[in-house]
Each structure stands twice: as structure tokens, then as C-alpha cells.
Amino acid sequence: YGFINTCLKSLVVEKYGEEMWEKLRLQAGVEDSFLTFEVYKDEITMQLIDKACKILGVPADTVLRQFGEYFFEFCKRSGYDHMLRTLGGNLHEFIENLDALHSYLSLSYQEMNAPSFRVEKNGDGSMHLHYYSDRRGLCHIVPGIIGAAALDFFNIDISMEIVNQAEEEERTGKKEHIVFLVTQNPVFSYKERQKLSSSPQYLADSEKQVENYPNKEVLEKADTVRGRGSPICPVKKSHWKKIRGMIALGRGKLLRGFDPVYPKSLWIDPKTFCNGLPFHMVFDKELRVKQAGVSIQKIVPGLQTMGIRLDHYFNITHPEVPFTISSIQKFINSQFVFQTRREMMPESWKQRPMLELRGQMIWMEPVQCMLYLCSPLLRTLHELEERQMHIADIAPHDVTRDLILLNQQRLAEMELSNQLERKKEELRILSKHLEEEKKKTEALLYAMLPQHVANQLKEGKQVEAGEFKECTILFSDVVTFTSICAQCEPIQIVLMLNSMYLLFDRLTTVHDVYKVETIGDAYMVVGGVPVPVSSHAERVANFALGMIIAAKGVKNPVSRNPIQIRVGIHTGPVLAGVVGEKMPRYCLFGDTVNIASRMESHGVPSKIHLSSSTHQCLKHKNFEMTERGEIEVKGKGKMHTYFLVRNKAATENEIMGRP
């Protein structure tokens with residue numbers, strides 16, 4: 001189920017971050033999120049674990065153990081905490097009842113294929129844990145889960161090692177059977193350690209209470225019973241712990257346990273017993289039926305013939321063991337699920353789904369028979385109707401009645417939850433697509449206007465014009481552009497300009513200058529606007545050198561020779577602001593713009609023409625420049641100008657932004 005994959009994602013994100021999950025997900029080729037109640041292929045989980053091992057460089061058993069520990073915490077956080085805590089009073093009982101928990105969960109997660117557990121106590125206090133699963137290679141999750149549960153619920157530290165991996169004959173339906181040796185050592189909580197180490201008065205008081213206790217001989221007797229593992233607390237404290245562990249009954253009388261009282265003879269007649277427990281069965285070592293409840297007789301009439309073999313009428317579907325007394329006795333603590341055999345059912349049942357029974361086995365040593373106390377395994381009212389049964393067929397004391405009704409309600413809630421989860425996932429995907437489209441729109445907007453200006457316009461604010469005391473402006477155009485246009489098709493001109501402007505646009509990013517506009521073959525950039533920088537002249541100069549180199553790669557559509565461009569640069573103050581509401585533009589105003597344009601128009605092909613103010617900014621910055629002298633500039637009179645030759649400190653690759 002998606003619950004497992006969601007847990008795995010949560011582990012990766014929590015321990016290693018979102019980026020690691022994204023990398024892992026892409027390599028494994030799986031989706032980003034999983035629906036809790038959706039069934040997914042096992043291959044998805046296996047693929048995620050495999051890729052996690054490779055990316056993290058960690059062995060599979062380490063990853064699986066860590067996942068097991070985290071899965072336990074994830075289950076607690078997901079609302080299963082109280083359910084897990086109440087499974088048993090000690091680790092043995094906890095493990096023994098895991099199958100029952102899985103059986104209950106399968107009412108809701110109907111396609112769940114859970115592992116199975118069987119535990120055996122050893123004389124030295126250790127346990128053998130048998131793990132059965134249809135999935136190979138996941139056994140290392142078990143020590144993680146069981147170890148975390150032991151420490152959290154029972155305050156004990158355990159070690160688990162695999163002692164057998166070969167046994168499979170017991171559970172022919174399962175692909176993997178692993179036997180773990182579980183050994184445990186007591187661990188005291190922080191509070192208990194503090195009391196022991198820092199409260200001698202507490203120990204003295206405990207000793208005094210023991211001395212004065214009326215039933216001192218009981219304590220002395222109890223003192224002879226030692227717990228497993230080496231004692232790690234003072235003897236006097238141990239006495240007091242024993243006192244607290246005893247049960248006080250009557251007038252100060254202390255008992256170590258509880259002894260039940262049984263009647264000399266059973267005060268119930270067979271008829272009442274069979275009516276009161278309508279779904280029970282008793283069978284001997286040869287599986288011959290000795291007794292059966294009235295409801296199961298009604299459904300399986302063959303059981304009315306006492307002495308017939310039980311395995312002729314039923315199959316064991318859980319646990320997957322051979323139908324023999326020895327196999328049943330080995331799994332005596334497991335819940336057993338029987339299913340009726342279709343060929344042995346009455347004609348009226350042939351078209352219905354087979355009836356399943358679930359319950360416990362009790363071995364009755366005096367009569368050498370097995371008692372199977374069971375109830376119909378029904379999850380919903382629909383399943384009840386399919387078998388043409390009624391609530392009245394189930395005994396009033398049987399909680400199966402309530403379970404069917406409660407589960408019907410729970411399944412409806414789960415379906416609603418599933419729908420909400422799907423809608424949530426759809427909204428998440430839509431939100432993701434919306435975010436992607438928003439980024440594209442913003443990228444397009446930021447390509448047309450400076451980012452801070454675009455953000456102000458998006459917020460509906462008025463963009464104030466800004467004065468920049470010093471910036472450097474560049475103009476360029478294509479030499480003989482008019483004659484080229486006269487000899488070419490319009491599409492050829494468009495393709496030529498586009499190829500040239502793509503190269504220039506890339507250079508604006510390399511040298512961090514702002515592209516103001518293009519008009520026909522004219523290209524305009526500025527340094528130091530909209531973000532003032534002291535290196536504006538150097539940036540524009542390097543950009544201009546890059547333009548001359550880039551232009552050599554653009555062919556004239558007529559002659560097929562490289563095109564030539566003129567470049568002019570001037571440094572001075574400008575006023576910058578947004579003009580217009582429809583297709584707004586960020587424009588520069590001032591005499592600096594005019595002079596820069598004049599530098600370009602009075603320039604020389606394949607040369608970079610500089611004004612004296614730009615020359616002044618660059619003369620101590622490792623640029624080689626030559627003097628042109630005084631020239632007559634339209635509208636400005638005589639001006640002293642220069643040519644930029646090269647950057648003495650930068651290579652061509654650096655100018656072009658190549659690796």
C-alpha cells in the first residue's frame with residue numbers, strides 16, 4: 001500500500017533532505033507522492049531501496065534496518081500508537097499478537113499481504129522469532145521494527161541475529177522463512193538511573209520498609225527468584241521492586257500470582273454449548289469432527305455426520321501450513337482462518353463466495369482433541385449479503401456483529417479519505433504546473449523589464465524615474481545594412497539578425513550588462529543601470545570586444561562573408577524610467593544617449609569607438625586603446641575620440657564566456 005512508500009519518502013526527506021528524495025525518485029523512475037489506500041507494485045519499493053543503497057553508498061541490510069526503525073515511529077505518528085502499545089505486556093506477547101493486528105488491519109486494507117510471525121521461548125531467556133513473507137530480501141526490516149518497539153514499549157535493548165534461512169517446508173505458500181535469535185538485556189530509564197545514583201535516602205527508606213513489612217518471609221522467598229540478565233541495581237532496590245510487582249489481596253496477604261478456581265464438573269449441557277457457540281468445532285488428532293456449533297452445521301451440513309474428516313470440508317488459508325495436528329500445534333498461538341471447499345458445499349452455495357472462519361485453536365490435553373473457537377470472517381454488509389447470511393446468524397455475544405457494522409462505516413470513511421487524498425494530489429499537481437507557468441511568465445517579463453521594475457508593475461505600483469549619475473551606453477549597427485536589405489528576402493534578414501542577436505544576448509549575461517532595446521539592426525546596452533556598479537565601463541568594453549568577435553561568425557546573406565558592425569560607447573549621466581502602459585518599456589533619457597549614438601554613427605567598421613569620458617574610465621584598467629584624434633560630430637562640434645583595441649588581462653575565451 002502507499003502507506004509504505006510514503007513512509008520511505010518521509011524517511012529520506014527527514015534524514016537526507018528534499019533534494020536527495022528528488023534524485024532518488026528520478027533514478028528509480030517513480031512518482032513524487034503516494035496515496036495511502038492505493039495499492040502499488042512491490043517493484044516500486046524494491047527499486048527505491050536499491051537506488052537508495054547505491055546513492056548513499058550503504059549496504060542494503062543497513063538501509064532496511066534504518067527503515068524498520070523509522071517505520072515503527074511513522075506508524076506511531078500515523079495514529080497506531082495506542083493500538084501497538086496494547087498488543088502485549090511484554091515483547092513475547094507483542095510479537096505473538098502481530099498476526100492478529102495484521103488480521104484486523106486486513107479488514108480495511110483488504111489487499112494487504114502481510115508477513116507472519118511466530119515466537120518460541122528458550123530456556124536461557126532468549127527467543128527464536130520465525131519470520132515468514134512472500135517478499136524476498138526484506139528480512140532486515142524486522143530487527144529495526146522489533147528493536148525499536150522493544151526499547152520504546154518495554155524499555156529493553158535487544159540484539160537479533162539470523163540463525164536459519166533454509167527452513168521453508170512448514171509454510172509452503174511463503175517464499176521466505178527466516179529464524180532470528182532474540183536476546184535481551186534490561187535497560188533502565190533516565191529517571192530510574194538518577195534515583196539509583198543520587199538518592200541514597202530513597203534506598204535507606206526502601207530498606208526500612210522491607211524490614212518492617214509483616215510478610216517478610218514472602219520477600220525472602222521472592223529474593224531467591226532471580227530475573228534474566230545480570231543485576232544492574234542494588235539488592236535493596238531489587239527487594240522493593242519485587243514488593244511493587246506483587247499483588248496485594250485481602251488483609252495484607254501477598255500473592256505472587258493468580259490461581260483460577262475450576263468447577264468439579266462442567267455446568268453446561270451439550271445443546272446449550274452448541275447453541276451458545278454456534279461456530280465452534282472440536283476434532284481429534286486424525287482431524288475427525290467430534291462436535292460442531294449449530295450455525296456451522298447449517299452452512300456445512302456434512303458436519304452433522306460426526307466422525308467425518310475436517311480437511312475434506314475446509315482448507316487452512318492462514319497461517320499457510322499443512323492441515324495436520326502437528327502443524328496446527330506449532331502455530332497454536334496464531335489466528336487460524338478456514339475456508340469452505342466449494343465441491344463439498346450444498347448446491348445453494350455453489351454460486352456464492354466461500355465462507356471463511358477465523359478464530360483460535362485450543363488443545364485439550366485430557367481428551368486429546370483440538371477446539372476451534374471461531375466466527376465468520378466478514379468485513380462488510382455486502383459480504384454478508386453475498387453469502388445470503390444475516391446478522392441474526394451470528395451469536396449476540398460475538399463482536400463480529402459490531403465489527404461488520406463498524407467496518408462498514410470505516411470503509412465509507414476510508415473511501416472519503418481516499419477521494420480527498422486524490423483531490424489533494426490533483427491540486428498539488430495543478431499547483432506545481434501553475435508554479436512552472438508562473439516561472440515561465442516571470443522569465444519572459446524579466447527579459448523585457450528589469451526585475452525590480454517588473455515586480456513593482458506586478459504589484460500595481462507607480463514606477464518612479466531614476467537618475468543615474470554615471471553609466472556607460474553602447475550602440476551598434478550593421479555596416480551597409482540598407483544595401484543588404486535591398487538584395488535579400490525579408491526572411492533572410494530576420495534569420496541573419498536573429499542569429500546575431502542571440503550571440504549578443506548571451507554576452508549580456510556573461511558581462512552582466514542590461515540590454516535596453518533593438519531597433520532594426522541597432523543594438524543598445526547599458527552598464528550601471530538599473531543596478532549602479534562602479535565597473536560599468538569595463539563591463540561594456542568587454543561586451544563590445546565580444547560583439548566584434550561574435551559578428552565574425554554571422555554571414556552576410558548576399559556575399560556569404562562575415563558581416564561587419566560599428567560600435568560606439570559613451571559614459572555619462574542618464575534618467576531611466578518606464579514609459580507607456582501597453583507594452584511598457586524601460587527607456588534611458590539624456591544627452592549621454594545621443595553622444596553614444598553619435599559615437600556609433602561616426603565609427604569605423606569592426607572598430608569600437610570611444611568618447612573621451614569612456615577613455616578616462618578605462619585608461620587605468622588593463623585595456624589597450626589608440627587615439628583617433630579630433631573629429632567633427634553632428635550636433636556636438638569637435639570631439640576627441642579613441643578606439644578600443646583589446647583587454648590586455650583577458651583571453652578571447654574569457655571575453656566570450658567560453659569554458
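Tutor: We begin with a definition: a residue is buried under 20% relative accessible area, exposed over 50%, and partly exposed in between. Keep in mind that this is a predicted model.

Student: How does that apply to Lys461, and what is its relative accessibility?

Tutor: Lys461 has 48% relative accessibility, so it counts as partly exposed. Glu459 is at 53% and therefore counts as exposed.

Student: What joins the side chains of Glu459 and Lys461?

Tutor: A salt bridge is a side-chain nitrogen of Lys or Arg within 4 Å of a carboxyl oxygen of Asp or Glu. Glu459 and Lys461 meet in such a bridge, at 3.0 Å from N to O. Another salt bridge is that of Glu652 with Arg658, where the closest N and O atoms are 3.2 Å apart. Glu652 is partly exposed at 44% relative accessibility, and Arg658 is partly exposed at 38%.

Student: How many salt bridges are found in the whole structure?

Tutor: A search of the whole structure gives 35.

Student: Which side chain of opposite charge is nearest to Glu356, and how far away is it?

Tutor: The nearest is Arg379, 4.6 Å away. The cut-off for a salt bridge is 4 Å. Glu356 has no salt bridge, yet it is buried. Its place is in strand β11, residues 356-364.

Student: What does Glu356 touch, leaving out residues up to four places away in sequence?

Tutor: Glu356 touches Thr317, Val337, Phe338, Gln339, Ser375, Pro376 and Leu377.

Student: Let us turn to helices. How do I read the length of one?

Tutor: Compare the distance from the first C-alpha to the last with the span expected at 1.5 Å a residue. Helix α3, residues 42-56, has 15 residues and reaches 21 Å, close to the expected 21 Å. Helix α7, residues 141-154, has 14 residues and reaches 19 Å, close to the expected 20 Å.

Student: How should I read the pattern of burial along a helix?

Tutor: An α-helix has 3.6 residues a turn, so residues three or four places apart point the same way. In α3 the buried residues are Thr45, Leu48, Ile49, Lys51, Ala52 and Cys53. What covers them includes α1 (2-16), α2 (18-28) and α4 (60-85).

Student: How many residues of α7 are buried?

Tutor: Eleven of its 14 residues are buried, so α7 is largely enclosed by the rest of the structure. Among the buried ones are Ile141, Val142, Ile146, Phe153 and Phe154.

Student: At what angle do the axes of α1 and α2 cross?

Tutor: They cross at roughly 135 degrees and come within 7 Å. The two helices are therefore oblique to each other. The contact is made by Lys9, Val12, Val13 and Tyr16 of α1, and by Glu18, Met20, Trp21 and Leu24 of α2.

Student: How can I read a single residue against its distance in sequence?

Tutor: Compare separation along the chain with separation in space. Val593 and Thr472 are 121 residues apart in sequence, and their C-alpha atoms are 9.3 Å apart in space. Val593 lies in helix α21, residues 591-601, and counts as buried because its relative accessibility is 12%. Not counting residues up to four places away in sequence, Val593 touches Ile473, Phe475, Met524, Val574 and Leu588.

Student: What are the corresponding figures for the chain as a whole?

Tutor: Of the contacts in the chain with a separation of 6 or more, 60% are between residues 24 or more positions apart. Buried residues make up 42% of the 659 residues. The secondary structure comes to 23 helices and 20 strands.

Conventions. Residues are numbered from 1 along each chain as its sequence is written. This is a predicted model: local features need pLDDT of at least 70, side-chain atom pairs count only at pLDDT 80 or more; totals for chains, interfaces and linings use all residues. Side-chain values use heavy atoms; hydrogens and water are left out. Helices (H or I, at least four residues) and strands (E, at least two) are DSSP runs, numbered from the N terminus. Buried means under 20% relative accessible area, exposed over 50%, partly exposed in between (1.4 Å probe, protein chains only). Lys and Arg count as positive and Asp and Glu as negative; His and the chain ends are not counted. Contact means heavy atoms within 4.5 Å. The expected span of a helix is 1.5 Å times one less than its number of residues. Axes are lines fitted to C-alpha atoms, for helices over the stretch in contact, and angles run from 0 to 180 degrees between N-to-C directions. Angles under 35 degrees count as roughly parallel, over 145 as roughly antiparallel, 65 to 115 as roughly perpendicular and the rest as oblique.
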